[in-house]
Structure formats: structure tokens, C-alpha cells
Amino acid sequence: MPAIAVPLAVWCLPARAQAAEGLGGWRHLFTRARGTTAASLAASAVVCEALNPILARQLLPLGFSIPQVGLYFAAICFSYTLAAPVCGFLVDRGQSEGRSEYSRLKLLMVYGWAMSMGAHALLGPLSLAAGAPVARSLLAVPLLGASAALLIVPSLPDMQEGLHPDDETGRATVCAAWNGIYSFGSALGPLLSSSLFASIGFCGTCTCLMAIGATAAVMLGARARNDDTSRPASNALTTTLQPDTVQVCAQHLLTHIL
């Protein structure tokens, strides 16, 4: 059904009307930069939702009760709630300082992947180390919440980067695609983790999730660097002293002198 519904919904959007206004159709939305962010978004949904069906099986042998497992998941969500406004502040602050949108938002997501890999390392591979398994599990809680915020919050403005301010259809299409991509990843995550858990156990599953995060981080970092190098340098001086501007200023100066 999604394979039929999504293309139909995109086709029904008034893209042709936007093209007539000079804003282009929906095909201009599919760029490599947005594709990279979309892939990271799908991967983040997979990783964030993958622990739901298997984490309790890991926590119960450590002495957690069923209510405490519920509190553990609630603490992850609470950590996300606290971290999300901070991530939004970082996005807005970067915009006010005029930094490169493409690289800055992607680097925020790279930091999120680094935190996510650290959290899964505490829950998985590092759990094999001797001593304080409960403390390591508790330390992973804020990392899981903060990493989810860093991965999710900057992704939508990054996918909307470069759209015309009046391109409401384009922004609506990107927003719909963003929701669909995350929902797809959320559905895929538990299926993937439960299959891996049955085959290679919890530690192996966490290692696979870390590999997904490392791949996405490298992909985002490479794309951010490419966007920085491909974007032409511009500042107030080069923007002001264009050939046409210099010519007009010279004409006005000669007019006043003569």
C-alpha cells in the first residue's frame, strides 16, 4: 500500500502550477544533498526504534524490574525532550550567524551518530567488560535521548535547505517525505533488531546498529565537506563589487564631477 499511496500523493500535489510560476516541479526536490539526509533519517529511525523489542531482555537479567524497565524507556524520552530545544537553538543560532546551512546541519547529525554509537557500545560490546553493568546501562540513557534529538531535529530544515521561500508545495512535499521516511525506518527497526537478536544476540545487534551509525556519519561528513567546497565563497565585498555595480557607481561619480 505505501508503494502505491506515496507516488499517488506526490502526483496529486499541484507541482505543475508551481512550475508555471517559475518555481519548478517536484523533481527539483530530489538532490544528492537531500538524499543523503533522507538516508541518515531512515537509518536514525531504524536505530532509535530497534531497541524497543529487545532492550528489556537485556535489562531484566541485570536486576531491573518491569516497572523499572518502563521508567528506563521513559527516561530516554525525557532526555530527548530536554535535548530537542537545545538542538533547535543550535540550528537557529547558526542561521543568525550566517554559517553554511549544508555543512552545519549535517555535522550536527554526525555528532548525534557519535553519541548514538557510544550509547550502543555501553549497552552492547562494553557490557562484556567486568564491573558496573547497571551503571553503564544508566549512562546510555541520556546519550540515547540526546543522540535522537541531534539526528532528528536538524534533518527537516536540512532537507528544506535551498527551497524558494514561496515554494509552499515544495516544502509540503519535503515535510511529507520526511514523515514517510521516518515512519518507514521506525517500522523497519524492530523487524531488523528482532531478527538480529534471534541470530547473533543483543551484543551483536548493538554492534550492527553501531555499524549503521558509522556508515551514516561518514556519508554525512563527506557530503558536508563536498557542500562546503562546492559552494562559492561570498562575502560583503565580493557581493557589492560586482562589475555592473562598479559601472553604475562610476557613472554616478562622473555625473556629479562633470
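Me: What does glutamine 160 touch, not counting residues up to four places away in sequence?

Reply: Arg34, Arg171, Val174 and Cys175, with those sequence neighbours left out; contact means heavy atoms within 4.5 Å. Bear in mind that this is a predicted model, where local features need pLDDT of at least 70, side-chain atom pairs count only at pLDDT 80 or more, and totals for chains, interfaces and linings use all residues. Residues are numbered from 1 along each chain as its sequence is written, and side-chain values use heavy atoms, leaving out hydrogens and water.

Me: Why is glutamine 160 called buried?

Reply: Buried means under 20% relative accessible area, exposed over 50%, and partly exposed in between (1.4 Å probe, protein chains only). Glutamine 160 comes in at 18%, so it's buried. You'll find this residue in the loop between α8 and α9. (Helices are DSSP runs of H or I with at least four residues, strands are runs of E with at least two, and both are numbered from the N terminus.)

Me: What makes lysine 106 and aspartate 158 a salt bridge?

Reply: The rule asks for a side-chain nitrogen of Lys or Arg within 4 Å of a carboxyl oxygen of Asp or Glu. Here the N to O distance is 3.0 Å, so the pair qualifies. Lysine 106 sits in helix α6 and aspartate 158 in helix α8 (residues 155-159), 52 residues apart, so to speak linking distant parts of the chain. A search of the whole structure finds 1 salt bridge.

Me: Which residues make the nonpolar surface patch of about 270 Å²?

Reply: Val86, Phe89 and Leu90. A patch takes residues with over 30% relative accessible area and no salt bridge, joining nonpolar side chains (Val, Leu, Ile, Met, Phe, Trp, Tyr) within 5 Å and like charges within 9 Å.

Terms used:
Accessible areas come from the Shrake-Rupley method with a 1.4 Å probe; for residues, only the protein chains shown count as cover.
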